[in-house]
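User: I am new to this structure and would like to know how its labels were assigned. Please go through them one at a time.

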Amino acid sequence: MNKKFFTSVLLISAFVVSFVGCSKSPQETEHTTIAQSLAEVTATTGATETTMPLAPIIVATPTPYPYVDNVAPFFLKITRNPSITVGDEFSIDDYISYIDNTDPDVTLIVDGTVDNSLVGSYPLSLRIEDENGNYTTDSITVSVVAPVEPGSGGGSYSYDTTPFSDFIASYPGDDIHYGIDVSVWQGDIDFNTVRDSGCEFVFIRAGRSSNGEFTEDDYFRSNIANATEAGLHVGVYVYSSDNSIEAVEALADRMIEMTEGYNVDLPIVFDWEAFGRFQQFHMSIIDLNNLYAAFENRLEAQGRSGMLYSSKYYLDVVWNEEGSNVWLAHYNSQTDYTGEYIVWQQSCTGRIPGINADVDMDLWYGDFPG
């Protein structure tokens, strides 16, 4: 992150020569020291001290210039043409999600109304504005439609699955390892068969946490016992929609407690992906990154390793993943994500012997820990 501050040089010779420069990256998440900031200004601008002939120079003690936020909030999600049935309630928050770099409570202004009692199209103009007056505008058109007659509509959806053996063959390499991640949705798992099918590692869901309340995955205990007994490399992940430092620190403690006694050699993963209505959490980009930092630091203080799970889009626009272990989710034959990552979740429609359901398939790059 680039941090540049204003500084001035005071010259004693009946006048003052001053220099000013300031810029800020959109995803600013931390502050540097004054000394670092001044060094960056000098390196960036090439600024040098200017003196009058024979005049002594006194350099004022540098102080950081107050940060001025000029970065506008932006939409994380926007459904441009939503539709509701006559009589259904309409809430704009069901169709948009937005965030700001520093302001946890962005103001939403909606121009237009939706009459849910009358079939028609209703255009809405949207404006999101932060506390410093930076804003973004957009629009959607809501359609109110007549109820669908019983028996009409519907349809089916089909998709292709990928055998785990084909997945392995598609990504050859001496420094690549092949794995899966599982939860209650996979049901009973024969981990010995999974291992014999070429799977080397597994991430197991421990549960989910919201507002500091944790719910354990119904299959966590059996999954972690059977996976470690089968000799797989094992990590755990926890889904969180918490929005306080205290909650995620307590969650990290719980993860350590739940994995004690098992050979869990892979990281404990923080999975925060409740971006659909992000504004309801009253957090900024800085606040969100501070959550993961608190989770990771809590683990490291007790000798454990953390990891951040997220999709490519949110890694690009929200997370400051620098220096952290990253598990990238990007469902594509090849990823164009340019950041660093250790694990790539390549597909959610894998099939492997030992599991009678679709499963996520993952690649681990490099050696396993230890």
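**Salt bridges and other contacts**

Analyst: Asp 217 and Arg 205 form a salt bridge, with their closest N and O atoms 2.8 Å apart. The two residues come from distant parts of the chain, 12 residues apart: Asp 217 is in the loop between β12 (213-216) and α4 (220-229), and Arg 205 is in strand β11 (residues 201-210). This is a predicted model, in which local features need pLDDT of at least 70 and side-chain atom pairs count only at pLDDT 80 or more, while totals for chains, interfaces and linings use all residues. Residues are numbered from 1 along each chain as its sequence is written, and side-chain values use heavy atoms, with hydrogens and water left out.

User: What makes the contact of Asp 217 with Arg 205 a salt bridge?

Analyst: The term requires a side-chain nitrogen of Lys or Arg within 4 Å of a carboxyl oxygen of Asp or Glu. The distance here is 2.8 Å, so the pair qualifies. Side chains of opposite charge can pair when their charged atoms come close.

User: Are Asp 217 and Arg 205 buried or exposed, and how do you know?

Analyst: Buried means under 20% relative accessible area, exposed means over 50%, and partly exposed is in between (1.4 Å probe, protein chains only). Asp 217 has 3%, so Asp 217 is buried. Arg 205 has 13% and therefore also counts as buried.

User: Which side chain meets Arg 80 in a salt bridge, and where do the two residues lie?

Analyst: Asp 138 meets Arg 80 in a salt bridge, at 2.5 Å from N to O. Asp 138 belongs to strand β8 (residues 135-145) and Arg 80 to the loop between β3 (74-78) and β4, 58 residues apart. Strands (E, at least two residues) and helices (H or I, at least four) are DSSP runs, numbered from the N terminus.

User: Why is Asp 138 called partly exposed?

Analyst: Its relative accessibility is 24%, so Asp 138 counts as partly exposed. Arg 80, at 40%, counts as partly exposed too.

User: How many salt bridges does the structure hold?

Analyst: The structure holds 11 salt bridges. Among them is the one between Arg 221 and Glu 216, at 3.0 Å from N to O. Glu 249, Asp 253 and Arg 298 are linked in a network of salt bridges.

User: Why is the pair of Trp 364 and Phe 368 called tilted?

Analyst: The structure holds 24 aromatic pairs. Rings of Phe, Tyr and Trp (its six-membered ring) pair if their centres lie within 6.5 Å; planes under 30 degrees apart count as stacked, over 60 as edge-to-face and the rest as tilted. Trp 364 and Phe 368 have ring centres 5.4 Å apart and planes at 40°, so the pair is tilted. Both Trp 364 and Phe 368 are buried.

User: What makes the pair of Trp 272 and Phe 275 edge-to-face?

Analyst: The angle between the planes is 65°, with 5.3 Å from centre to centre, so the pair is edge-to-face. Trp 272 and Phe 275 are both buried.
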